[in-house]
Amino acid sequence: MINRTYCIIYTLTFMALLQMCHPWCLRTTVNLTTSVDKVDWAIDGTYLAVTSSAANTVTVYDTINYFNVLTYTPAGGTARVARFNRNSSILAVGVSNGRVDLLSGKPPFSSTPITTFSPHNKNTVDLGFNYADDKLLTCYSDDDKFKITDSWSLASRTTREKDIGDRQMACKWSKNDDVAIANDDKKV
Amino acid sequence: MTRIAGSKDYTDVAIRPTIAMPIKVVASGGNNNQISAAYFSNTGGGATVASTTLSPNTAFSAVVNTACYSPTADVYAVGGEDRKTWIIDDSSNTQSAVLSDGLNTVKNCDFS
């Protein structure tokens, strides 16, 4: 019993020293059978959402044991991106037909969306929630306009758009509500 | 609207999660074996402002696909066709660690 205790202490000490010396060297690998397009952590780090367009799935993993807690395939389109909102209560899935499917971001997970809406009818390439969590940014690989949906969680949500003159590759919010868009004209 | 220009399409962008100016944007994929980091001191209102691009690391041996910022804003990560994820110090824009997958291209990244 004493030897076992010492062994555990030595192991924990070794792990702590390893982490201090090489803080990036601890790695867990989750194997999928198709390529991954997007990954997104829940803000509290408890879940990881992995989007594979090739498999048309969004897979959510519990980051304590990396068990699969949800595999979601959207109806009528291909999953392009999935991101948690700012308090991790919602997982938004952007679909190739422009629809956004809102799923529960916490247990109990369900493959039945809480609600769906379509900011646009184009091919969603990226999406994201602003830091105040009241706006949803969506951008598209086959249209020049990106969309911002205000009050996205409410039935009374409204959508605005901005035409940037080019198709889009990726989009992100800044902390003060500016957006950055990578377009298909070699520019951000 | 302010723009960073590359020689090919950028594939991902990351914005430093700070409110204080300048806003820093890291973009990947716009140039072979490089990333772009630009600093914006003013945004919005249709204003055109100057940005500065730089190559934080010249050691990339292939196209960089993705960029992401840590929530604490002290480092950012990029990864790409060289099958590596590079952790880069935000203040110095120099490499602080490299994670090598060895077998597969890095397509996307995110910090917990």
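**A salt bridge in chain B, and what surrounds it**

Author: B:D90 and B:R16 form a salt bridge, with their closest N and O atoms 3.0 Å apart. Look at where the partners sit. B:D90 is in the loop between β6 (84-89) and β7 of chain B, and B:R16 is in the loop between β1 and β2 of chain B, so the pair ties together parts that are 74 residues apart in sequence. Are the two residues buried or exposed? Both B:D90 and B:R16 are buried. The model is predicted, so keep in mind that side-chain atom pairs count only at pLDDT 80 or more. The general idea is simple. Side chains of opposite charge can pair when their charged atoms come close.

Now step back to chain B as a whole. Chain B has 7 strands and 0 helices. Read from the N terminus, its elements run β-β-β-β-β-β-β. The chain has 112 residues, and 49% of them count as buried. B:D90 and B:R16 are both buried. Next, take the contacts in chain B with a separation of 6 or more. Residues 24 or more positions apart account for 41% of these. Then there is the surface. Chain B exposes about 4,800 Å², and carbon and sulfur atoms supply 48% of that area.

Chain B also touches chain A. Here 36 residues of chain B are in contact with 29 residues of chain A. Together the two chains bury about 2,700 Å² between them. Carbon and sulfur atoms carry 58% of that buried area. How many salt bridges are there between chain B and chain A? The count is 1. The partners are A:K172 and B:D12, whose closest N and O atoms are 3.1 Å apart. Which elements of chain B give two or more residues to the side that touches chain A? They are β1 (12-15), β2 (23-31) and β7 (95-100). That side of chain B divides into 19 nonpolar, 10 polar and 7 charged residues.

Chain A has salt bridges of its own. Over all chains, a search of the whole structure finds 12. One of them joins A:R99 and A:D101, at 2.6 Å from N to O. A:R99 is buried, because its relative accessible area of 15% is under the 20% cut-off. A:D101 is buried too, with a relative accessible area of 0%.

Another bridge brings A:R167 and A:D144 together, at 3.1 Å from N to O. This pair links distant parts of the chain, 23 residues apart. A:R167 is in the loop between β12 (158-163) and β13 (168-173) of chain A. A:D144 is in the loop between β10 (135-140) and β11 (145-150) of chain A.

Finally, salt bridges can join up. A:D40, A:R83 and A:D126 are linked in a network of salt bridges.

Definitions and conventions. Residues are numbered from 1 along each chain as its sequence is written. Chains are lettered from A and ligands numbered from 1 in the order in which they are written. This is a predicted model: local features need pLDDT of at least 70, side-chain atom pairs count only at pLDDT 80 or more; totals for chains, interfaces and linings use all residues. Side-chain values use heavy atoms; hydrogens and water are left out. Contact means heavy atoms within 4.5 Å. Buried area is the accessible area (1.4 Å probe) that two parts lose on being put together, summed over both. A salt bridge is a side-chain nitrogen of Lys or Arg within 4 Å of a carboxyl oxygen of Asp or Glu. Helices (H or I, at least four residues) and strands (E, at least two) are DSSP runs, numbered from the N terminus. Ala, Val, Leu, Ile, Met, Phe, Trp, Tyr, Cys and Pro count as nonpolar, Asp, Glu, Lys and Arg as charged, and the others, Gly among them, as polar. Buried means under 20% relative accessible area, exposed over 50%, partly exposed in between (1.4 Å probe, protein chains only). Accessible areas come from the Shrake-Rupley method with a 1.4 Å probe; for residues, only the protein chains shown count as cover.
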